[in-house]
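The entries follow in the order in which I checked them.

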Amino acid sequence: MIWGIFKRDMCHATRNVIAVIVSMGLVVVPALYAWFNIAASWDPYGNTKALKVAVANNDKGYKSDLIPVRVNVGETIISTLHANDQLDWQFVKSDKAIDGVKSGEYYAAIVIPKGFSADMMTLFSPDIKHAQLKYYLNEKINPIAPHITDQGATTVVNTIDKTFAKTIAQVGLDLASSTLHYSQSPQMAEYMRNLNGNLTTMADTLSGASQQVTSYSQLLGSANDIVDSTGKLLASATKAGKQAQNALKQGKSGATSLTSAGANVTSSVNTALDQVSGAFDQVAAKVNKAFDAIGKDSDTAASQLATLSEQISSGESLYDTYITSLNHMRESVEQLPDSDSAKQALLEAIDREITLLEAAKGDSQKLAQQLKDASTQVTQDTAAAERSRKEILNRITSAKQSISNVRDDYATNVKPKIDALASTVSTLISQTDSMITQLSGTADGLDDVTGDVGTNVTSIRSTLGAIAKKLDSSAATVKELITKLETGGNAGDGNSDGGNGGNDASSSDSGESDELRALATANASTLSTLISAPVALHRVSVYPIANYGSAMAPFYTILSIWVGAIILCAMLKVTISDREKAHVLGLGDTLPRIAGPSGPGNASRWGLRLDHEYFGRYAIFALLALLQGTLVCLGDTYFLGVQANHALQFLAVGWLAALVFSNIVYTLTVSFGDIGKAVAVVLLVMQVAGSGGTFPIETLPKFFQMLYPFLPFPHAIDAMHAAMAGSYGNEYLLDMVYLALFLIPSLLLGLVLRKPVIRLNNWVSRNLESTKVM
């Protein structure tokens with residue numbers, strides 16, 4: 001029965017030329033639908049050169065106050081885009097660019113603002129600003145064009161970023177390389193030798209200055225001893241005066257002798273005080289000259305200090321004069337009567353003063369020796385030595401003034417009284433108390449002065465000691481720097497052990513130097529490119545697809561096969577007339593009246609069951625569907641050149657899809673008539689959106705993601721992808737099985753569930769015909 005129906009359908013389809021042409025059209029039209037869509041989308045992203053994108057450069061550039069070189073990033077962008085053929089770049093004014101986007105002349109426009117370069121260069125300032133490009137986009141012209149132009153704009157931004165970073169990195173690497181090459185040049189080696197020599201001289205100078213300051217401190221200590229001895233000498237003279245007063249009361253002869261001795265003492269004291277004052281003048285002058293010569297002429301400074309030493313040595317005669325005068329006075333005192341109670345005390349005081357003068361003489365000799373030693377240690381001046389000179393001169397001036405006060409007071413108060421004593425003993429005796437009192441006051445004042453001088457000298461010596469320590473510390477620091485420079489130079493030469501067994505620090509310095517040398521001697525352009533784009537995308541294609549057209553071929557091919565099934569049901573009858581049934585059954589041209597009204601299953605009593613009608617008429621549908629699938633798949637492979645690594649598998653998917661889709665649409669039409677055709681169109685629309693053929697199913701709304709497994713399109717498209725590029729495991733077979741499973745509900749509807757809906761379908765058909773419109 002099925003074969004009989006199919007054979008009569010084939011005879012009718014080939015009975016005349018029109019039928020043949022229509023049959024051929026039914027086979028060709030779906031293929032044309034697929035081929036046109038695939039060819040149109042063959043390489044859309046590779047043909048973006050015709051998309052017009054305007055570029056307007058308003059950048060005024062930037063010129064740094066530090067580096068007088070004008071930077072204009074906008075001009076660099078324009079130059080780069082001239083060599084870029086990704087889009088059809090149009091270089092116009094900003095007003096025209098914006099107006100062109102609005103009118104549709106340009107798909108997009110990029111406007112470079114005036115302060116673009118200035119904003120980019122804020123990278124080197126605390127106030128960093130992001131440089132911004134203005135991007136205008138006409139989104140109504142085309143849904144895909146905005147995404148393509150966005151990619152072009154992103155490419156421009158990435159190019160700017162990479163170029164900017166590459167330029168900065170290359171400048172830095174070139175500078176490092178130049179610095180390294182210069183550091184290894186003979187000139188740099190000579191500079192390092194000179195630097196080490198200068199640092200060595202500086203360290204020696206600091207050490208010498210420290211020793212000189214220490215010598216000055218010792219000199220001040222000796223001067224302080226002289227001041228103390230002078231104060232003690234005057235105090236002893238006052239005490240001797242009191243003893244002389246007692247001696248005068250004991251006897252006129254002793255008083256006369258004492259008067260004579262006093263006159264000698266007066267003469268000696270005046271001479272001594274004059275010499276002391278002159279000696280301090282000479283000391284001050286010599287100290288000034290010595291300090292002035294420091295740092296300029298070390299030989300002159302040494303000569304002046306040696307002269308000062310000789311001057312102090314020559315002052316030893318001053319102490320001899322004091323001692324001689326005191327010895328004369330002692331001889332005079334010895335002439336006093338032994339009964340005089342003050343005689344012994346006066347002699348002891350004179351002996352004590354002589355002892356102190358001997359000690360002072362020894363201190364003077366030590367001072368002279370220290371000055372002589374200092375004259376051999378002079379190198380050059382420092383700021384600290386200049387301050388010490390001022391303080392020392394102030395103290396010498398104070399000491400000189402104290403000596404002058406003593407001399408003036410002695411000449412005014414003491415000497416007239418001694419002269420008067422020579423004329424009359426009684427007058428001397430009457431004035432003795434007053435003279436002794438005044439002498440005591442003078443000595444007390446001198447004690448205060450000498451005490452202050454001693455305190456100040458002690459403070460100065462403490463300051464000089466601290467200065468000497470600082471100078472020693474500075475000299476040690478400079479010597480340490482010299483050692484580090486020598487070590488660094490050895491490390492730079494590759495001698496990391498430095499001759500001391502290869503310590504860890506030297507080895508580390510050598511390793512860092514080697515790394516720096518390797519970095520600086522590398523290709524600066526290559527390194528700067530790496531720094532500007534440290535991550536490179538290495539694309540590894542898994543199951544590669546040749547082009548975008550091949551990638552879209554499964555979707556458009558499967559879609560065209562479904563469209564072909566709808567066209568078949570629209571052009572061919574899905575029901576069998578009673579005349580055809582009678583011819584198949586051999587009953588003539590009509591069925592007996594007993595068959596009842598025309599419709600499915602009305603010839604079942606003669607053996608033409610409902611399933612015979614179903615498969616008999618479906619046979620021609622299946623044949624034409626297979627021809628549609630064969631033509632579209634062969635055209636994809638051999639006409640368009642779509643990638644198909646497994647051509648037979650690719651063709652098998654087309655055949656299976658043709659059978660499944662044609663059966664589904666045929667069953668819907670047989671079961672529900674024109675409503676079934678509408679349902680087939682609705683299923684087509686749903687599958688176009690929810691098949692994942694254009695966008696990944698994960699990007700679609702949740703409804704489509706849930707519907708995805710229950711649609712035949714996704715499985716047919718996945719099977720065709722596996723045939724084109726390769727299959728992972730049993731991926732191809734599983735998708736083919738899933739696609740074939742859709743025949744089960746379709747056959748169930750066409751063979752089992754069709755009977756209950758026949759009456760419903762007939763009722764709907766009668767109502768539609770009654771409208772005279774449908």
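I looked up aspartate 9 and found it buried, at 7% relative accessibility, where buried stands for under 20% relative accessible area, exposed for over 50% and partly exposed for in between (1.4 Å probe, protein chains only). I work here on a predicted model, in which local features need pLDDT of at least 70 and side-chain atom pairs count only at pLDDT 80 or more, while totals for chains, interfaces and linings use all residues. Residues are numbered from 1 along each chain as its sequence is written, and side-chain values use heavy atoms, with hydrogens and water left out.

I then found the side chain of aspartate 9 in a salt bridge with that of arginine 617, at 2.9 Å from N to O, a salt bridge being a side-chain nitrogen of Lys or Arg within 4 Å of a carboxyl oxygen of Asp or Glu. Because aspartate 9 lies in helix 1 and arginine 617 in helix 18 (residues 610-639), the pair ties together parts that are 608 residues apart in sequence; helices are DSSP runs (H or I, at least four residues), numbered from the N terminus. Arginine 617 is buried, with a relative accessible area of 8%.

Next I noted a salt bridge between the side chains of glutamate 613 and lysine 581, at 3.4 Å from N to O. Glutamate 613 belongs to helix 18 and lysine 581 to helix 17, so this pair ties together parts 32 residues apart in sequence, and both glutamate 613 and lysine 581 are buried.

My search of the whole structure gave 5 salt bridges.

Methods. Helix = DSSP H or I, 4+ residues; strand = E, 2+ residues; numbered from the N terminus.
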